[in-house]
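This briefing concerns selected features of the structure shown below.

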Amino acid sequence: MKKAAVIIAPGFEEGEALTIIDIIRRAGIVCDSVGLTELVVTGAHDITMKCDKVLSMEICGCDMIVLPGGIPGATNLRDSDLLMEVLKKMNRAGKYVCAMCAAPIALERAGVLDGKRFTAYVGYDQKINTGTFLEDEVVIDGNVVTSRGPATAYGFAYKLAGLLGGDAEAVQKRMLFDHAFKKEA
């Protein structure tokens, strides 16, 4: 069975993190919430979450690692030497390395964005100096998957679930995604 890990740093974007975990789990995939340095973590909007475990090299056994954004969550992710080791090892192994919103700054520090197409929150094309920035909602370049911000969390999570073999389309239907996110013609 495929397994994902969502890394939760102090100051994380709560809506992104919980949406990703929820959708991946609904798709029947094991998805652990992993505290960057401790089990209980408070987000950018003062919502406190108890994680399943704390970050260790054991996470490299997962098929996918996901970094939600938020400030200072993304900078806390970027500044973690242990997370940099995990990201580099998973990337070298061709495992999915994913980030959204401001969190691609951590991928840049780990060297994951070198030669890759990616997206991030508005203005991060000026803050990230490697790779090729696109304004798409979700960008998949090999094993690297990125997304824009809080409103793109659903589409991002469905893509991640699908990449891991989950029935993302069925989950979208059950969650009424097409009814809630209709685009006006």
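**Surface, helix and salt bridges**

V40 lies in strand β3, which covers residues 40–42. The model is predicted.

**Nonpolar surface patch**

- V40 belongs to a nonpolar patch on the surface, together with L39 and V54.
- The accessible area of L39, V40 and V54 together is about 200 Å².
- V40 has a relative accessibility of 46% and therefore counts as partly exposed, since that class lies between the limits of 20% and 50%.

**Helix α1**

- Helix α1 consists of 13 residues, residues 14–26.
- At 1.5 Å a residue, helix α1 should span 18 Å, and this agrees with its end C-alpha atoms, which are 18 Å apart.
- The expected span is 1.5 Å times one less than the number of residues.
- The buried residues in α1 include E14, E16, A17 and T19, and I20, I21, I23 and I24 are also buried there.
- An α-helix has 3.6 residues a turn, so residues three or four places apart point the same way.

**Salt bridges: overall count and network**

- The structure contains eight salt bridges.
- Side chains of opposite charge can pair when their charged atoms come close.
- A network of salt bridges links K3, D32, K53 and E58.
- E58 counts as exposed because its relative accessibility is 54%, and the cut-off for exposed is over 50%.

**Salt bridge between R78 and D79**

- The side chains of R78 and D79 form a salt bridge at 2.9 Å, N to O.
- D79 counts as partly exposed, at 47% relative accessibility.
- R78 also counts as partly exposed, at 28% relative accessibility.

**Salt bridge between R117 and D141**

- R117 and D141 form a salt bridge in which the closest N and O atoms are 3.7 Å apart.
- This pair links distant parts of the chain, 24 residues apart: R117 is in strand β8 (residues 117–118) and D141 is in strand β10 (residues 138–141).
- R117 has a relative accessible area of 38% and is therefore partly exposed.
- D141 counts as buried because its relative accessibility is 16%, and buried means under 20%.

Methods: Residues are numbered from 1 along each chain as its sequence is written. This is a predicted model: local features need pLDDT of at least 70, side-chain atom pairs count only at pLDDT 80 or more; totals for chains, interfaces and linings use all residues. Side-chain values use heavy atoms; hydrogens and water are left out. Patches are made of residues with over 30% relative accessible area and no salt bridge: like charges are joined within 9 Å, nonpolar side chains (Val, Leu, Ile, Met, Phe, Trp, Tyr) within 5 Å. Accessible areas come from the Shrake-Rupley method with a 1.4 Å probe; for residues, only the protein chains shown count as cover. A salt bridge is a side-chain nitrogen of Lys or Arg within 4 Å of a carboxyl oxygen of Asp or Glu. Helices (H or I, at least four residues) and strands (E, at least two) are DSSP runs, numbered from the N terminus. Buried means under 20% relative accessible area, exposed over 50%, partly exposed in between (1.4 Å probe, protein chains only).
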